[in-house]
Amino acid sequence: HGIDGASPYSDGKWRWMAFDLNSGGLEEKIVDMDTIGYVMKKNEMFNNMMTNDTFRQAFLQRIQEMGDTVFTTDKVNLLLEKHREQMDVPLIYDRKRYCGTQLDGAANAYINKIEDVRAFFEKRNDVIKQLVEKYSMK
């Protein structure tokens with residue numbers, strides 16, 4: 001690859017880049033997704049494991065426990081605020097550089113993504129409870 005000497009990034013220094021990283025599906029629009037059923041359809045081994053009553057009950061108990069203790073609204077909000085304290089400025093500039101948006105637009109896109117993750121976790125545990133009930137009866 002050629003090096004564009006006019007680019008301020010042609011100095012060979014490593015810089016923070018998070019362009020291809022995203023939430024991996026932590027979006028409010030899919031908060032109701034039946035992820036257990038989805039994985040059962042896509043993964044034969046997991047599907048077979050879910051036919052074992054002992055495994056299924058232990059698995060469902062564990063994901064419910066995680067929803068009730070690890071991914072509580074308070075804990076998620078605290079984590080997101082700590083993330084923002086540390087990453088607001090670098091990620092906003094990252095969005096501006098790699099997405100070509102103006103700084104205000106980049107800031108809004110970043111903040112909207114954080115709020116989308118927050119909304120997902122605020123609603124997801126209720127969905128998990130429904131899924132646990134659905135798959136406990138099988």
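Read along the sequence, the chain runs α-α-α-α-α. This is a predicted model, where local features need pLDDT of at least 70, side-chain atom pairs count only at pLDDT 80 or more, and totals for chains, interfaces and linings use all residues. Residues are numbered from 1 along each chain as its sequence is written, and side-chain values use heavy atoms, with hydrogens and water left out.

Trainee: How many helices and how many strands does the secondary structure of the chain come to?

Mentor: Start with the rule. Helices (H or I, at least four residues) and strands (E, at least two) are DSSP runs, numbered from the N terminus. By that rule the chain comes to five helices and zero strands.

Trainee: What share of the residues of the chain count as buried?

Mentor: Buried means under 20% relative accessible area, exposed means over 50%, and partly exposed is in between (1.4 Å probe, protein chains only). The chain has 138 residues. The buried share is 28%.

Trainee: Among contacts between residues at least 6 apart in sequence, what share join residues at least 24 apart?

Mentor: Contact means heavy atoms within 4.5 Å. Take the contacts between residues at least 6 apart in sequence. The share joining residues at least 24 apart is 71%.

Trainee: Which residues line the second largest pocket nearest its centre?

Mentor: A pocket is found on a 1 Å grid over the protein atoms alone: it is an open set of points with protein on both sides within 12 Å along at least five of seven lines, whereas a cavity is a set of points where a 1.4 Å probe fits but cannot get out. Lining residues have an atom within 4 Å of a point. This pocket has 15 of them. Nearest its centre lie Thr-35, Ile-63, Phe-71, Arg-124 and Ile-128.

Trainee: How much space lies in the second largest pocket?

Mentor: Grid points are joined across faces, edges and corners, and a volume is the space filled by probe spheres set on the points. For the second largest pocket, that space is about 360 Å³.

Trainee: Which helix gives the most to the lining of the second largest pocket?

Mentor: α1, α3 and α5 (103-136) each supply at least two residues of the lining. One of these gives the most, with five residues. That helix is α5.

Trainee: Which residues does Thr-35 contact, leaving aside its neighbours within four places in sequence?

Mentor: Thr-35 lies in helix α1 and is partly exposed, at 31% relative accessible area. Thr-35 and Ile-128 are 93 residues apart in sequence, but 9.3 Å apart in space, C-alpha to C-alpha. The contacts of Thr-35, with those neighbours set aside, are Arg-124 and Leu-131.

Trainee: Is Gln-64 buried or exposed?

Mentor: Gln-64 sits in helix α3 (residues 53-69). Beyond its neighbours within four places in sequence, Gln-64 contacts Asn-125, Ile-128, Lys-129 and Val-132. Its relative accessible area is 14%, so Gln-64 is buried.

Trainee: How many salt bridges does the count come to?

Mentor: A salt bridge is a side-chain nitrogen of Lys or Arg within 4 Å of a carboxyl oxygen of Asp or Glu. By this rule the count is nine.

Trainee: How far apart in sequence are the parts tied together by Asp-34 and Lys-134?

Mentor: Asp-34 forms a salt bridge with Lys-134, with the closest N and O atoms 2.8 Å apart. Asp-34 lies in the segment before α1 and Lys-134 in helix α5, so the pair ties together parts separated in sequence by 100 residues.

Trainee: Which residue meets Arg-118 in a salt bridge?

Mentor: Arg-118 lies in helix α5 and its partner in helix α4 (residues 73-99), so the pair ties together parts that are 37 residues apart in sequence. Arg-118 is buried, at 10% relative accessible area. The N to O distance is 2.8 Å, and the partner is Glu-81.

Trainee: Which residues are linked with Lys-29 in a network of salt bridges?

Mentor: Lys-29 counts as exposed at 72% relative accessibility. Its closest N and O atoms with one partner are 3.9 Å apart. The residues linked with Lys-29 are Glu-27 and Lys-113.
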